[in-house]
Amino acid sequence: VQPLPFNLQQVEGFRYRAEDALKRVSRLSVKRARLQELQQELLNAEALKAHFKENPQDLSAIRHDRVLAPARVQAHLAKVPTYLLP
């Protein structure tokens, strides 16, 4: 393993952008996203497809659970200014 040579000042401009994005991530949003991932895994599981064929009400209960609200994109983080590019 060789160290990656780069200048830390080149990436320092992204620090405030990363901190701002990190403020938007809450414990609840992570929990909701993980719950949605687990539900998708349940729907796609091969072992459960036979169960869902026999019990379609279980499948409809999983599919019609609460929809995860999309995260709001912050306009100032959507584009990287040229002065921040190395």
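Visitor: In what order do the elements of the protein run from the N terminus on?

Guide: Helices (H or I, at least four residues) and strands (E, at least two) are DSSP runs, numbered from the N terminus. Here the order is α-α-α-α-α-α, with six helices and zero strands in the protein. The model is predicted: local features need pLDDT of at least 70, side-chain atom pairs count only at pLDDT 80 or more, and totals for chains, interfaces and linings use all residues. Residues are numbered from 1 along each chain as its sequence is written, and side-chain values use heavy atoms, with hydrogens and water left out.

Visitor: At what angle do helix α3 and helix α4 pack?

Guide: Axes are lines fitted to C-alpha atoms, for helices over the stretch in contact, and angles run from 0 to 180 degrees between N-to-C directions. Angles under 35 degrees count as roughly parallel, over 145 as roughly antiparallel, 65 to 115 as roughly perpendicular and the rest as oblique. Helix α3 (residues 27-44) and helix α4 (residues 46-54) pack at about 75°, their axes being 6 Å apart. The two are therefore roughly perpendicular to each other.

Visitor: Which residues make the contact of α3 with α4?

Guide: Contact means heavy atoms within 4.5 Å. From α3 come Leu42, Leu43 and Asn44, and from α4 come Glu46, Leu48, Lys49 and Phe52.

Visitor: At what angle do α3 and helix α5 pack?

Guide: Helix α5 (residues 56-63) packs with α3 at an angle of about 150°, and their axes are 10 Å apart. This makes α3 roughly antiparallel to α5. In this pair, Gln39, Leu42 and Leu43 of α3 meet Leu59, Ile62 and Arg63 of α5.

Visitor: Is alanine 21 buried, partly exposed or exposed?

Guide: Buried means under 20% relative accessible area, exposed over 50%, and partly exposed in between (1.4 Å probe, protein chains only). Alanine 21 lies in helix α2 (residues 15-24). Because its relative accessibility is 35%, alanine 21 counts as partly exposed. Of the 86 residues of the protein, 8% count as buried.

Visitor: How far apart are alanine 21 and glutamine 74 in sequence and in space?

Guide: Alanine 21 and glutamine 74 are 53 residues apart in sequence, and their C-alpha atoms are 8.6 Å apart in space. For the whole protein, among contacts with a separation of 6 or more, 64% are between residues 24 or more positions apart.
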